[in-house]
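Subject: Structure handover

Hello,

Please find the structure below. My notes on it follow.

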Amino acid sequence: MKNLLLIASLLTHSCLAQQVAVTLDDLPFGYSAGMSDSMKIASAKKILTILEEFDIKATGFVTSSNMSEENQVILDMWLKEAHDLGNHTHRHYNFNEVTAAKYIADIDSCKLLAGEWINTDYFRYSMLRRGNTKAKRDSVYTFLETEDYIIAPVSIDNNEWIYNRDYSRALRNNDEEKMIKIGNEYIEHMKEVSLKYEKMGVELTGRSVRHILLLHANPINAKYLHTLLGWYKSEGWEFITLQEAMEDSIYATNGDLVSDYGWSQIDKLQKIGKK
């Protein structure tokens, strides 16, 4: 009987479209050493054009230390296209290396500096790290709850930042051949992790979960986001909003580990054995 139920679950899953919400961190534009503000604005326009082409309403997370007087127009552009913006701290601290009080002050700094653009209560931890001690973790949780923030989790984690680091270096060196090689490797990596987390989600819940994809506003996505979203579409994935994704019961619990690492929701639930 147990095997029959598993087969039925997998058959049901196979008939359902996978769903994914697209989120981009580090707005206005991040990980772009050597790029002028005008170049960042042009790259941000490319990302927004791609989102529009795929009829995606994304959620962007603002790291206010990335803002300048000139590139703030990028945030205006996001709002003009009816996307949502949330808080992603000011200095993007590694929470392992600072106190809870300093981290909370950094969240407040982002609210102060970017509050006129942030149009939701969403908050995403920098590096997804929620505290390497229970006291630190719980202290920030209490603050977020008091301030009515909504923690924005991730289900599809990835190493996009590594590919962007190498891509940006090749971009600065005008190494077109290397840029193409890295870009192609990036797309293959994203395919692999997307399918991995889809499989893990089915194993945890017996169904396809509503995924939340972690990306960043950066040079590699200005070039390759179209290819990535095109792959999702060709595989039958449906694009949804972050709000719609978070209606999935898999996000109903914080599922937290006290850890030095920032885990995806699926990783956390698997590690603590919640189903």
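This is a predicted model: local features need pLDDT of at least 70, side-chain atom pairs count only at pLDDT 80 or more; totals for chains, interfaces and linings use all residues.

Residues are numbered from 1 along each chain as its sequence is written, and side-chain values use heavy atoms, without hydrogens and water.

The mean pLDDT (the predictor's confidence in each residue, from 0 to 100) of the chain is 93, and 93% of its residues reach 70 or more. Over residues 1-15 the pLDDT is below 50.

Helices (H or I, at least four residues) and strands (E, at least two) are DSSP runs, numbered from the N terminus. β2, α3 and β3 form a right-handed β-α-β unit; right-handed means that, with the strands pointing away from the viewer, the path from the first strand over the helix to the second runs clockwise. β2 and β3 pair (at least two DSSP bridges) in the parallel sense over four bridges, with Thr-59 opposite Asp-84 in β3.

In α3 (residues 73-80), Ile-74, Leu-75, Met-77 and Trp-78 are buried, that is, under 20% relative accessible area with a 1.4 Å probe, protein chains only. Seen down the axis of α3, these fall within an arc of 155° (taken from the directions from the helix axis to the C-beta atoms), so they line one face of the helix. Their cover includes β1 (19-27), α2 (37-53), β2 (59-62) and β3 (84-87).

Just after α3, Ala-82 has a positive phi of about 65°.

Regards

Note on methods
Contact means heavy atoms within 4.5 Å. Buried means under 20% relative accessible area, exposed over 50%, partly exposed in between (1.4 Å probe, protein chains only).
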